[in-house]
Amino acid sequence: MRAYHLEAFGTVEGIVLRHGHGHGGAGGPDPVPAGPTGIVVRVRAASLNKRDLLILHERYPLAAVPGVVPLSDGAGEVVAVGESVTRFAVGDRVCGTYFPRWRDGRITPAMVDQPGCTLDGMLSEYALLDEEWAVRVPDHLTWEEAATLPCAALTAWNALTGGEGGAPLPGQSVLTLGTGPVALFAVQFAKQLGCRVVSTTSSEEKADRLKAMGAESVVNRLRTPAWGAQVRELTGGGADLVVETGGPDTIEQSVRAAALYGQIVLLTTGTATKPGIAISHEAYASSLATVRRVFVGSRTQFESMNGAIAASGLRPVIDRVHPFEEAREAYRGYAADAPFGKVVIRTGP
């Protein structure tokens with residue numbers, strides 16, 4: 001049984017493939033459930049997120065355990081269950097959850113543990129999970145597609161549906177920024193909800209792909225640096241909901257793009273070069289928009305999202321798939337370019 005482990009920070013070379021028992025029980029010969037409520041998952045695919053690069057370079061808010069198995073996102077089949085397991089049976093197709101201890105409601109400090117950081121993650125041939133740490137995945141998805149759901153998809157779903165007022169109504173407008181995985185899932189979910197979508201990008205080729213996904217309008221942010229005003233024009237008064245994935249680089253224009261009582265869902269609050277967000281008085285004085293912070297979501301939200309995905313037949317966008325043996329190459333490529341969709345590592349057949 002093979003599993004990768006994060007043995008040294010700061011370089012992809014620190015991600016090492018080990019054979020046999022892994023840190024915290026991931027991998028190992030003839031794996032058995034870790035206790036009466038444990039399940040053993042034969043991981044079939046895992047996917048990368050930006051947080052995995054931040055963890056590697058020690059820029060993530062939560063300190064990683066040395067030797068941890070990387071990656072929060074993965075999907076596979078249950079191959080063994082503990083004697084007290086009731087949620088799953090052998091053969092079930094499942095994903096692990098980003099916050100295994102966050103089942104519903106609001107997150108608390110006691111729920112912050114995460115796979116691939118403080119708990120062993122999914123870059124392994126087998127994962128040992130508690131039955132409460134997993135959800136069933138939609139039947140129509142491939143293993144690679146299912147492996148994209150725990151972080152980016154759930155973040156987009158929470159951004160659109162998790163506010164106190166619920167999801168935007170059919171016909172309302174949603175603004176997405178760029179073509180990162182969260183933004184692409186947001187386009188898909190917004191169309192599923194019947195919303196009008198406006199997106200920004202710096203690439204004409206990507207603009208065409210966004211339109212093919214359903215975006216009614218795409219604004220080139222390089223040609224129109226003050227794109228907030230153009231979004232207001234295109235939406236007839238501003239976006240009802242902004243999925244704000246850019247943080248310090250885009251928040252000013254996002255506020256200017258929002259409708260008078262719009263909602264700005266803030267996902268990124270700092271970058272390596274800009275440690276915080278700043279909104280000018282001029283921009284915010286003209287807006288009554290609400291800013292809501294989102295960080296992935298609960299298991300209950302994950303299950304609701306999967307129900308919607310199953311009902312609509314939605315298929316996640318995947319940029320490329322690497323074999324298990326090329327996990328380091330997957331990291332390098334993900335860090336070096338701007339993939340259109342998820343980067344996935346196939347762990348098994």
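**Figure 1. Burial and overall dimensions of the protein chain.** Of the 349 residues of the protein chain, 55% count as buried, where buried means under 20% relative accessible area, exposed over 50%, and partly exposed in between (1.4 Å probe, protein chains only). This is a predicted model, in which local features need pLDDT of at least 70 and side-chain atom pairs count only at pLDDT 80 or more, while totals for chains, interfaces and linings use all residues. Residues are numbered from 1 along each chain as its sequence is written, and side-chain values use heavy atoms, with hydrogens and water left out. The protein chain has ten helices and 15 strands; helices (H or I, at least four residues) and strands (E, at least two) are DSSP runs, numbered from the N terminus. Its radius of gyration is 20 Å, close to the 20 Å from the globule rule for 349 residues, so the chain is as compact as a globular protein of that length. That radius is taken over C-alpha atoms, and the globule rule is 2.2 Å times the number of residues to the power 0.38. The C-alpha trace spans about 60 × 40 × 35 Å along its principal axes.

Figure 2. Among contacts (heavy atoms within 4.5 Å) with a separation of 6 or more, 71% are between residues 24 or more positions apart.

**Figure 3. Helix H4 and the glycine that follows.** Helix H4 covers residues 181–192; at 1.5 Å a residue its twelve residues should span 16 Å, and the end C-alpha atoms are 17 Å apart, which agrees. The expected span is 1.5 Å times one less than the number of residues. Ten of the twelve residues of H4 are buried. Among them are Pro181, Val182, Leu184, Phe185, Gln188 and Phe189. Just after H4, glycine 194 takes a positive phi of about 85°.

**Figure 4. Valine 41 in strand E3.** Valine 41 belongs to strand E3 (residues 38–47). Its relative accessible area is 1%, and valine 41 is therefore buried. Apart from neighbours within four places in sequence, valine 41 is in contact with Gly76, Glu77, Val78, Val94, Glu125, Tyr126, Ala127 and Leu129. Arginine 256 is 215 residues from valine 41 along the chain, and their C-alpha atoms are separated by 46 Å.

Figure 5. Glutamate 58 lies in the loop between helix H1 (50–56) and strand E4 (73–81). Leucine 71 also lies in the loop between H1 and E4. Glutamate 58 is not a glycine but has a positive phi of about 55°. For leucine 71, another residue other than glycine, phi is near 80°. Glutamate 58 is exposed, at 58% relative accessible area, whereas leucine 71 is buried, at 0%.

**Figure 6. Alanine 147 between H2 and H3.** The loop between helix H2 (143–146) and H3 holds alanine 147. Alanine 147 has a relative accessible area of 0% and is buried. Beyond neighbours within four places in sequence, the contacts of alanine 147 are Ala45, Ala46, Ser47, Asp73, Gly74 and Ala75.

**Figure 7. Asparagine 158 in helix H3.** Asparagine 158 lies in helix H3 (residues 149–161). With 7% relative accessibility, asparagine 158 counts as buried.

**Figure 8. Methionine 111 in the loop between E5 and E6.** Methionine 111 sits in the loop between strand E5 (93–96) and strand E6 (126–130). At 16% relative accessible area, methionine 111 is buried. Not counting residues up to four places away in sequence, methionine 111 touches Phe99, Arg101, Trp102 and Arg106.
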